[in-house]
Amino acid sequence: MTTTPSPLPVSPPAHRWRAPAAAGTTVVLWASAFVSIRSAGEAYSPGALALGRLLAGTLVLGAILIVRREGLPRRGAWPGIITSGVLWFGLYMVALNWGEQEVDAGTAAMLVNIGPILIALLGARMLGEGLPRRLLLGMGVSFAGAVVVGLAMSGHGGSSVLGVALCLLAAVAYAAGVVSQKPALAHGSSLQINTFGCLIGAVACLPFTGVLVSEAADAPLSATLNMVYLGVFPTALAFTTWGYALARTTAGKMGATTYAVPALVVGMAWVLLDEVPTPLGIVGGVLCLAGVAVSRSRQQTGPTRGNPARPVEGSRHDEEHQAERT
């Protein structure tokens, strides 16, 4: 069943930098999460790490929501909140944490990066977003870059069938969560949608409470601080900026933007962990960024069937710009 998309908000010219800045903030923080997960994952099991991260994120988001007095989102937002909360905030984080313990980092990176492709396909099928040629071309280039980065990172560990299955499950949960969250953003702010999504994810992970308490008692302070960092920045802040940008573009384009993450991880591992990137890793990172640039570039075509309101294509886009110039 295809969901009829709501018209995307049109920002005044002076505010058009906000959505790209929000998307960029998300990508940088999600890239930093891979570095923090390495530290926290040495002391915390997958479920406990996910629960601790979500509890920290919920506390921060809840406090901001109360200060801003935004209250509850409208009724139409709740199906998307619940679905994304269970799949993206809950299942994805547990499956990814667990999968990265069963396979080497390169294999995990390649498998999880199937997610943006699934987002584009689901967005076209469920949200009527269409599949512009530039988006497909850019995603193809970026995925090739992600594979190259993965190959550059491989060779220092083993891969199990369970680990591969968990990484694939994480990719599917991520894609389904994004596509579920997109319609919800028409009925509430990004802060509202992500606060309650994070809360639902935390509730779904409550069976890991006992494990979290016992592991926290023995974990080094650095691991616990990294878990809190994951909750405050890559979760609370990054998911909110993600929602802000997602409400102003298509799910497919936002998914393609996350292909910048592998390139940033290569650079962050070099700066923060003294892991000098290989020439193959650098080539892969450049391909990832080039693909993102292609997928985010504008395409002068007619409106896509089922989504005539997209501001990046078609005559309505031209009319809006003409109105803004006059």
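## Helix α8: the buried residues

Twelve residues of α8 are buried: Ser-190, Leu-191, Gln-192, Ile-193, Asn-194, Thr-195, Phe-196, Gly-197, Cys-198, Ile-200, Gly-201 and Ala-202. The structure is a predicted model. The helix covers residues 190–204, 15 residues in total, and is mostly covered. From first C-alpha to last, α8 reaches 21 Å, close to the 21 Å expected at 1.5 Å a residue.

What do these buried residues pack against? Four helices are involved: α2 (46–68), α3 (78–102), α7 (161–184) and α10 (221–246).

## Packing of α2 and α8

Two packed helices are described by the angle between their axes and the distance between the axes. For α2 and α8, the angle is about 145°. Their axes lie 8 Å apart. The crossing is left-handed.

On the α2 side, the contact is made by Leu-51, Leu-54, Leu-55, Gly-57, Thr-58, Leu-61, Gly-62, Ile-64, Leu-65 and Arg-68. On the α8 side, Leu-191, Gln-192, Asn-194, Thr-195, Phe-196, Cys-198, Leu-199, Gly-201 and Ala-202 take part. By class, the contact has eleven nonpolar, seven polar and one charged residues.

An α-helix has 3.6 residues a turn, so residues three or four places apart point the same way.

Arg-69 is found in the loop between α2 and α3. Most residues other than glycine have a negative phi. Arg-69 is not a glycine, yet its phi is positive, at about 55°.

Is Arg-69 buried or exposed? It counts as exposed, because its relative accessibility is 77% and the cut-off for exposed is over 50%.

## The whole chain

The protein chain has 14 helices and zero strands. From the N terminus on, its elements run α-α-α-α-α-α-α-α-α-α-α-α-α-α. Of its 326 residues, 51% count as buried. Among contacts with a separation of 6 or more, 89% join residues 24 or more positions apart.

## Confidence

The mean pLDDT of the protein chain is 82. Residues at 70 or more make up 81% of the chain. Over residues 301–326 the pLDDT is below 50. Beyond near neighbours in sequence, this stretch still has 45 contacts in the model.

How values were computed:
Residues are numbered from 1 along each chain as its sequence is written. This is a predicted model: local features need pLDDT of at least 70, side-chain atom pairs count only at pLDDT 80 or more; totals for chains, interfaces and linings use all residues. Side-chain values use heavy atoms; hydrogens and water are left out. pLDDT is the predictor's confidence in each residue, from 0 to 100. Contact means heavy atoms within 4.5 Å. Helices (H or I, at least four residues) and strands (E, at least two) are DSSP runs, numbered from the N terminus. The expected span of a helix is 1.5 Å times one less than its number of residues. Buried means under 20% relative accessible area, exposed over 50%, partly exposed in between (1.4 Å probe, protein chains only). Axes are lines fitted to C-alpha atoms, for helices over the stretch in contact, and angles run from 0 to 180 degrees between N-to-C directions. A crossing is left-handed if the near helix is turned anticlockwise from the far one by less than a right angle, and right-handed if clockwise. Ala, Val, Leu, Ile, Met, Phe, Trp, Tyr, Cys and Pro count as nonpolar, Asp, Glu, Lys and Arg as charged, and the others, Gly among them, as polar.
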